[in-house]
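Student: I would like to learn how to read a model like this one. Please take me through it feature by feature.

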Amino acid sequence: MTLAKLKERSLKPFKLEDYDVSWKYGFLPAISPSEMQLPAIFRPLQETAALLPKWLSTGQIRPVIEAMPEIDVGEAPLDEIQLRRLMQVYSYLTHAYIWGKQPSANVLPCNIAKPFYQIAQTLGRPPVLSYA
């Protein structure tokens, strides 16, 4: 490729929306994922996540998470903001499970690992806690 063609390609304007950035909100979404309503099937997940500080302080987070149902993410039609909210919740739960008690856990239970992975794949992100 010639230098002129390289310069031509690099001078094309980019669109902020191609990078999930807006003039008004920057990198933040227009609607906060924490305010997003999820289908009822996710109620046990949300209730557990809401009580994370309590469960972490008692050292009982692992049995609580292990008792949660495994939710088939494909059962409910979800839009992108709902998927982002679920990604956030599953991220918190997985990190709480791993680091919530010593020694740290080396393996996640299937009931949170499978949905977390499915959601991450759908969003094109790795299944880890991310602030992106």
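Student: Where do we begin? What share of the contacts between residues at least 6 apart in sequence joins residues at least 24 apart?

Tutor: In the protein, 71% of those contacts join residues at least 24 apart. Contact means heavy atoms within 4.5 Å. A word on the source: this is a predicted model, where local features need pLDDT of at least 70, side-chain atom pairs count only at pLDDT 80 or more, and totals for chains, interfaces and linings use all residues. Residues are numbered from 1 along each chain as its sequence is written, and side-chain values use heavy atoms, with hydrogens and water left out.

Student: How many helices and strands are there?

Tutor: The protein has 6 helices and 0 strands. From the N terminus the order reads α-α-α-α-α-α. Helices (H or I, at least four residues) and strands (E, at least two) are DSSP runs, numbered from the N terminus.

Student: How do I read the packing of two helices?

Tutor: Two packed helices are described by the angle between their axes and the distance between the axes. Take helix 5 (residues 80-99) and helix 6 (residues 110-123): the angle is about 140 degrees, and the axes lie 9 Å apart. Axes are lines fitted to C-alpha atoms, for helices over the stretch in contact, and angles run from 0 to 180 degrees between N-to-C directions.

Student: Why are helix 5 and helix 6 called oblique?

Tutor: Helix 5 and helix 6 are oblique because of that angle. Under 35 degrees counts as roughly parallel, over 145 as roughly antiparallel, 65 to 115 as roughly perpendicular and the rest as oblique. The crossing of helix 5 and helix 6 is left-handed: the near helix is turned anticlockwise from the far one by less than a right angle, whereas clockwise would be right-handed.

Student: Is threonine 94 buried or exposed?

Tutor: Threonine 94, in helix 5, is buried, with a relative accessible area of 2%. Buried means under 20% relative accessible area, exposed over 50%, partly exposed in between (1.4 Å probe, protein chains only). Not counting residues up to four places away in sequence, threonine 94 touches Leu108, Ile112 and Phe116. Serine 91 is in helix 5 as well and is buried, with a relative accessible area of 2%. Buried residues make up 31% of the 132 residues in the protein.

Student: Where does valine 128 lie, and what is valine 128 in contact with?

Tutor: Valine 128 lies in the segment after helix 6. At 40% relative accessibility, valine 128 is partly exposed. Leaving aside neighbours within four places in sequence, valine 128 contacts Met87, Ser91, His95 and Phe116.

Student: What about peptide bonds?

Tutor: Most peptide bonds are trans. The bond from glutamine 102 to proline 103 is cis, with omega near -5 degrees. Proline 103 sits in the loop between helix 5 and helix 6.
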